[in-house]
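Open the model in your viewer and keep the selection tool ready. This tour goes stop by stop.

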Amino acid sequence: MEILEIFDASLLNSTLRMITPILLAALGGLLCERAGVFNIALEGLMLTGAFTAVVGSFFLQSSFAGVMAGVLGGVLMATLFGLLAVRLNGNMIALGIALNFLAVGMTTFLSRAIFGVKGVFSDPRIIGLDPITIPIIDEIPILGPIFSGHSWLVYLSWLLVIISYIMLFHHPSGLRLRGVGEKPQASATLGVKVKAIKLSAVLLSGALCGLAGAQLSLGQVTLFVENMSAGRGWIAVVAVMFGQAHPLGVFGASVLFGFFDALGFRLQGSRIPFQFSAMIPYLATLAGLFVVEFRRRQRLKSVNI
């Protein structure tokens, strides 16, 4: 496969689809980070959302109902994390890892209990998200194949980047959220309910991860695979760190990681060994972590000087 055959419009089109689950989950992690909650349960929240989205779509025969079921599943799992981590002051890292393992085991068990299958559940009665054709843009030779023909969750994720930016930096609720994360004691003296705002951020992250899971199971495919989030929640955690918990930075990081995710899938059809192409998005994530650590050390050096 030649380079020109790899880097074409279809790769960019695939990149936009791959960006969406990472971006939605990362926006949820961003809100938690700004509120002073280190949420590494994004992987489990996304996986739960992917499973409940399929359950909702299958039984209610509606893709929109499936998406709402995915949001509900993510919120319920986030509620458990919020109660333990925020209300009861539990260790956030330990709880996040535990919830990720819980989501894998729970969705595997429920998939076998509800649908009676192991591994992959695929059925014609699962209603997936229809692609949306954008008028005028769809007729433009290069832009059309790239930006048109995606599910509505793809376009919603771009809108949510703008909304989160306005909310965080140009709205009183965002000011309170950031104040709780940066100066919780000072916020409490001003009458701000610190734990309530932190819990709200966790619940919003659950809703966004539910949307991310719905995009995985109903937008990109119309099936459920055990552990189908496949580390994308962890990539979203790195995107939050790499983007410095800023909506535009997180969007840029998600674009970067989504591109390498799409590139890994594209290279699976080339002469490159499958194992190496599957490693590409995770190698990019590790590189992002190195950059984050390098920037942290540079800041520490400048402070010491």
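Which residues does N100 touch, not counting residues up to four places away in sequence? Select N100 and look around. N100 touches I40, A41, L42, E43, G44 and W234. Keep in mind that this is a predicted model.

**Stop 1: N100 and its helix**

N100 lies in helix α5, which runs over residues 92-115. Is N100 buried or exposed? N100 has a relative accessible area of 7%. The cut-off for buried is under 20%, so N100 is buried.

**Stop 2: α4 against α5**

Two packed helices are described by the angle between their axes and the distance between the axes. For α4 and α5 the angle is about 155°, and the axes are 10 Å apart. Angles over 145 degrees count as roughly antiparallel, so α4 and α5 are roughly antiparallel to each other. The crossing of α4 past α5 is right-handed.

Which residues meet here? On the α4 side, select M77, L80, F81, L84 and A85. On the α5 side, select M92, L95, G96, L99, L102, A103 and M106. Colour this contact by residue type: 11 of its residues are nonpolar, 1 is polar and none is charged.

**Stop 3: M68**

Stay on α4 and select M68, which is found in this helix. M68 has 36% relative accessibility, so it counts as partly exposed. M68 and W234 are 166 residues apart in sequence. Draw a distance from C-alpha to C-alpha: they are 23 Å apart in space.

**Stop 4: the aromatic rings**

How many aromatic pairs does the structure hold? There are 13. Start with F58 and F121. Their ring centres are 5.5 Å apart and their planes stand at 75°, so the pair is edge-to-face. F58 lies in helix α3 (residues 42-60) and F121 in strand β1 (residues 120-121), so the pair ties together parts that are 63 residues apart in sequence. Both F58 and F121 are buried.

Next, show F64 and W152. Here the centres are 6.3 Å apart and the planes are at 35°, so this pair is tilted. F64 is partly exposed, at 49% relative accessible area. W152 also counts as partly exposed, at 28%.

Then select F51, F58, F59, F115, F121 and F224 together. Ring pairs link these residues into a cluster.

**Stop 5: helix α8**

Move to helix α8, residues 172-182. Which of its residues are buried? Pick out G174, L177, G179 and V180. What covers them? The cover includes α2 (9-34), α7, α9 (184-189) and α10 (194-220).

**Stop 6: G210**

Finish in helix α10, where G210 lies. Its relative accessible area is 0%, so G210 is buried. Leave aside its neighbours within four places in sequence, and show the rest of its contacts: G49, G70, V71 and G74. Along the chain, G210 and T52 are 158 residues apart. Their C-alpha atoms are separated by 8.5 Å.

Key: Residues are numbered from 1 along each chain as its sequence is written. This is a predicted model: local features need pLDDT of at least 70, side-chain atom pairs count only at pLDDT 80 or more; totals for chains, interfaces and linings use all residues. Side-chain values use heavy atoms; hydrogens and water are left out. Rings of Phe, Tyr and Trp (its six-membered ring) pair if their centres lie within 6.5 Å; planes under 30 degrees apart count as stacked, over 60 as edge-to-face and the rest as tilted. Helices (H or I, at least four residues) and strands (E, at least two) are DSSP runs, numbered from the N terminus. Buried means under 20% relative accessible area, exposed over 50%, partly exposed in between (1.4 Å probe, protein chains only). Axes are lines fitted to C-alpha atoms, for helices over the stretch in contact, and angles run from 0 to 180 degrees between N-to-C directions. Angles under 35 degrees count as roughly parallel, over 145 as roughly antiparallel, 65 to 115 as roughly perpendicular and the rest as oblique. A crossing is left-handed if the near helix is turned anticlockwise from the far one by less than a right angle, and right-handed if clockwise. Contact means heavy atoms within 4.5 Å. Ala, Val, Leu, Ile, Met, Phe, Trp, Tyr, Cys and Pro count as nonpolar, Asp, Glu, Lys and Arg as charged, and the others, Gly among them, as polar.
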